[in-house]
Amino acid sequence: MKIYQQAGHNTNWNIESINRDRAGDGIIFSPVHYKQDKMVNVDLSIKRTSLFDPQFYIPDSQKAKLHSYDFFPEKITEGFSTSNYETIVHESAEKCLNFQIENEYESIIIPSRYYSDLITDYIDKQKSFTVEPFLNEINNLAIDKEIFVTLPITTKMAQDKNYRTELLNWITSYPEINGVYLLNETNQSSKQIRSFEVLNSYFDFVTDLQGANLKVILGYCNTEALLYSMLMPYAVTVGAYENTRNFSVDKFLEDDSDKRGPAPRIYMPNLLNWIRFDTVKEIKEDHPELWKKIYIPTTYLESIFEIGERPTFNKPDLYKHHFQLIADQLKNLSTQDKKQRIDSVKATIGRAASLYEEIKSANVMFFDDNCDGLHLPVWNRIVNKASS
């Protein structure tokens, strides 16, 4: 099981984390956050174990960094429209593929467009938009790398068995496609997924894809990556900000420069959650014995505590701490067979639930229910299903 960092804003954090801490195998680079000149200058030793996501999800996106790539639909057509793009789609595909080859990324990713609804012509639209033109150019260029097609889905798509079957039949109709880069827009308001139905349908779809001998890269994972490891996927991802731990198209549409930053949170592996700094500080200062049970130190978090000030949400140490610890958890799971992974994840959930009971008994203030362990019963139900 490969572990990729899902790059986003402050891609340099991902690069530094891979270089210094070996927190994962590589990076899935994001052009909406990283201009072409910077992408080209990333060291080849990083790119050779990484992937490039072309991000054609919103082809008329006005994001400036996307426009630095000469193959992006809005850039290449100087004002995207479906009819205009159809005349130059092969040119776009050739340029995009050459960029991935010249930068020596590990595998090729074919981009796809995002649709929010269960449209009846989803497959036809994806075929003509990128999939078949890209496959044609891959053949023309005699590319000898593994091919992954991007598949952005919504919860409604994942929960519709017939829709899933149609998608599966379509993808498997191309023998040259080795796998799927799967993105699931869950639209969950909570930080962790608390819906059994959402997780269960996603598990079912991944199982179906793997049953068709397709490799699956599970993009935009949050802590649920630990759950997904039970599926024995080709790869999972870990991200920094929330928009790299939960797929949505907002960052391709909105100007978020004036958005108010969220409260700083710290990833606590023993609790399987991101806990607000205020809660972490209270436990550390007022309940030292409990703190010993939940805390796994890193140099990054120790540096925050040494400074003694409440960090801002965009302090890199918070995320490098997360990268290091969750990568360690996933690396450990990657060495295990399926039964061992299920047993390990179940034990981790059980330990987290017990620790939450102790925290609640100590009357620690959580500030919001995203610090609580409300996701754990749902996760435990998923594990029970996986082990049945």
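Guide: Two strands pair if DSSP finds at least two bridges between them; helices (H or I, at least four residues) and strands (E, at least two) are DSSP runs, numbered from the N terminus. This is a predicted model, in which local features need pLDDT of at least 70, side-chain atom pairs count only at pLDDT 80 or more, and totals for chains, interfaces and linings use all residues. Residues are numbered from 1 along each chain as its sequence is written, and side-chain values use heavy atoms, with hydrogens and water left out.
Visitor: Which residue of strand E2 does Gln-6 stand opposite?
Guide: Gln-6 faces Ile-28 in E2. Strands E1 and E2 (residues 26-29) run parallel and are joined by three bridges. Between them the chain passes through helix H1 (residues 11-21), and this β-α-β crossover is right-handed (with the strands pointing away from the viewer, the path from the first strand over the helix to the second runs clockwise).
Visitor: And how many bridges join E1 to E8?
Guide: Five, and E1 and E8 (residues 235-239) run parallel. Lys-2 stands opposite Ala-235 in E8.
Visitor: Why is E1 largely enclosed?
Guide: Four of the five residues of E1 (residues 2-6) are buried, so the rest of the structure largely encloses this strand. Buried means under 20% relative accessible area (1.4 Å probe, protein chains only).
Visitor: Changing topic, which residues of H15 make the contact with H16?
Guide: Among them are Ile-342, Val-345 and Tyr-356 of H15, and the residues of H16 include Leu-376 and Trp-379; contact means heavy atoms within 4.5 Å.

How values were computed: Buried means under 20% relative accessible area, exposed over 50%, partly exposed in between (1.4 Å probe, protein chains only).
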